[in-house]
Amino acid sequence: MPVSVPAWLESLEEAFADSGHQLYIVGGAIRDELLGRKVGEWDLATDAKPSEVEKILRQKTKKIGLIGKRFGTVTADLNGNAIEITTFRGESYEEHSRKPTVEFGNSINEDLSRRDFTINAIAYDLRFNRVIDNHNGEQDLKARVIRAVGDPESRFREDPLRMLRAIRFAVTLDFEIEHNTFQAINLERERFAILSVERISQEMDKILLSPKPSRGIDLLVESGLINYILPELIPCIDLEFDPAEHKDIYSHILQVLDQTPAKLELRWCALLHDIAKPLTRQKIGGEYHFLGHEVVGARLTKDILRRLKYGNEFIDYLSKLVYLHQRIPNNDGHWTDGAVRRFVRDANQTLEDLFTFAEADSTGGNERKLEKYKQMRAELRDRIVELEKQAEIAKIHSPLDGEELMKIFHRPAGVWIKPIKEHLLQLVLDNQLDQEDKLAAEQIARQLMRQ
Ligand code: ATP
Ligand code: MG
């Protein structure tokens with residue numbers, strides 16, 4: 001397969017050669033190039049040590065990243081191209097370490113043999129313009145196979161993250177995992193427990209953002225890795241909820257996941273939205289009910305994402321999505337204007353995602369019901385637009401703020417303020433009080449304080 005090398009990269013190679021060093025395209029960059037996919041980040045390998053790499057790069061650009069320098073990686077931006085140059089690896093792993101310890105290797109061959117999968121262990125020699133493929137990676141690329149370099153069990157034991165990466169590459173590239181490689185995940189999966197969670201979440205995000213994330217989740221379940229990442233999903237498997245329409249909750253979750261646009265917040269929401277159904281299931285009058293599953297689910301979402309070390313903002317956003325995910329499909333078409341306004345205020349910045357998610361969450365075999373829900377969503381949308389025209393809902397507030405109430409009642413700040421402000425706000429939302437009418441608001445507040 002031909003490799004087309006951009007001019008800026010040829011010139012970078014010359015700079016390395018001038019300093020007496022080698023430079024190769026490796027990893028995802030050469031893999032994607034050979035597959036005819038767009039190369040995102042240019043993975044490069046060299047015999048030069050990181051400080052030497054830094055020195056050569058300094059002649060070319062100011063945008064240099066040194067976060068990974070002590071692990072052998074220097075990143076840079078070369079005229080808009082993201083590059084990642086890694087010094088040859090000869091890593092050694094310690095049995096119980098959570099992260100690989102780094103040792104530099106002596107040759108590209110040694111470096112390639114330390115890489116995870118054959119399709120990631122190809123190099124392109126930029127000096128002599130030839131592919132180096134000691135592990136038959138090109139053959140596996142053609143056959144669309146993920147195969148460990150060397151003995152899969154020992155490679156997974158060295159770095160258990162590779163087990164998850166096998167699944168990640170299978171779903172992002174739509175490849176099959178070679179039989180022995182997949183078997184080895186089953187055998188070595190207990191090693192997964194030693195990993196640091198940050199590395200796990202990164203791969204999970206990539207799985208969730210792939211074109212068919214359900215396959216990734218299925219592979220996690222099949223390999224048993226799910227036990228170490230999201231054990232809460234296991235009780236959803238084979239748990240019946242409405243047998244006429246869905247096989248079980250797990251398959252509903254997977255269907256929603258695939259129907260959700262590839263946005264991280266929405267995909268995580270799809271995965272977690274019904275996670276509390278097993279905990280809340282009750283059979284009432286021959287039908288299953290899951291009262292409060294969105295409340296328990298929102299709490300579980302927080303616990304799970306905290307455990308996986310996501311940022312607070314992301315966690316809050318997700319738990320809000322899960323908390324509110326039922327509100328739109330549950331719309332019975334008879335919301336009062338006040339209820340619509342309250343929903344918009346509650347949803348706030350999640351509103352768009354809630355609508356998108358509600359559409360994805362609409363599953364099952366009953367076409368008439370699905371059509372009805374679709375109409376309800378459209379109606380609700382129209383009403384929101386209408387009400388937003390009438391008033392900028394998000395700006396609605398109590399006519400009197402805390403300062404003003406303190407002045408009126410000659411009282412210091414305290415818990416007494418909140419219920420009054422809340423009551424006044426509710427009246428404004430229900431159109432029973434004008435937001436600008438401070439006098440009427442004062443009267444109401446005085447009545448409340450007298451009670
Ligand atoms: P992406 O397209 O997502 O960047 P990638 O294959 O480039 O995929 P990276 O995580 O960027 O993946 O890693 C670059 C290369 O480094 C890989 O292709 C692989 O050769 C090697 N590599 C990365 N992680 C490991 C690992 N845990 N064990 C062995 N080799 C690895
Ligand atoms: Mg990469």
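## Domain 1–domain 2 interface

About 2,100 Å² is buried between domain 1 and domain 2, and carbon and sulfur atoms give 52% of that area. Buried area here is the accessible area (1.4 Å probe) that two parts lose on being put together, summed over both. The model is predicted: local features need pLDDT of at least 70, side-chain atom pairs count only at pLDDT 80 or more, and totals for chains, interfaces and linings use all residues. Residues are numbered from 1 along each chain as its sequence is written, chains are lettered from A and ligands numbered from 1 in the order written, and side-chain values use heavy atoms, with hydrogens and water left out.

The protein chain is assigned domain 1 (1-143), domain 2 (144-229), domain 3 (232-395) and domain 4 (402-450). These bounds come from an automatic or database domain assignment. The centres of domain 1 and domain 2, taken over C-alpha atoms, are 23 Å apart. Domain 1 puts 26 residues into the contact and domain 2 puts in 24. Contact means heavy atoms within 4.5 Å.

## Polar links and composition

Three salt bridges run between domain 1 and domain 2. A salt bridge pairs a side-chain nitrogen of Lys or Arg with a carboxyl oxygen of Asp or Glu within 4 Å. The side chains of D116 and R165 form a salt bridge at 2.8 Å, N to O. Twelve residue pairs, both at pLDDT 80 or more, are in polar contact between domain 1 and domain 2. A polar contact is a pair of N or O atoms within 3.5 Å; within protein, one must be able to donate a hydrogen and the other to accept it, and residues adjacent in sequence count only if both atoms are side-chain atoms.

On the side of domain 1 that touches domain 2, α2 (27-35), α4 (108-113) and α5 (137-143) each supply at least two residues. Helix α5 gives the most, with four residues. Helices (H or I, at least four residues) and strands (E, at least two) are DSSP runs, numbered from the N terminus. By class, this side of domain 1 has nine nonpolar, six polar and eleven charged residues. Ala, Val, Leu, Ile, Met, Phe, Trp, Tyr, Cys and Pro count as nonpolar; Asp, Glu, Lys and Arg as charged; the others, Gly among them, as polar.

## Ligand 1

Ligand 1 has 15 residues around it, and R31, R115, D159, R162 and R168 come nearest. Near means a heavy atom within 4 Å. A polar side-chain atom of R115 sits 2.9 Å from a ligand 1 oxygen atom.
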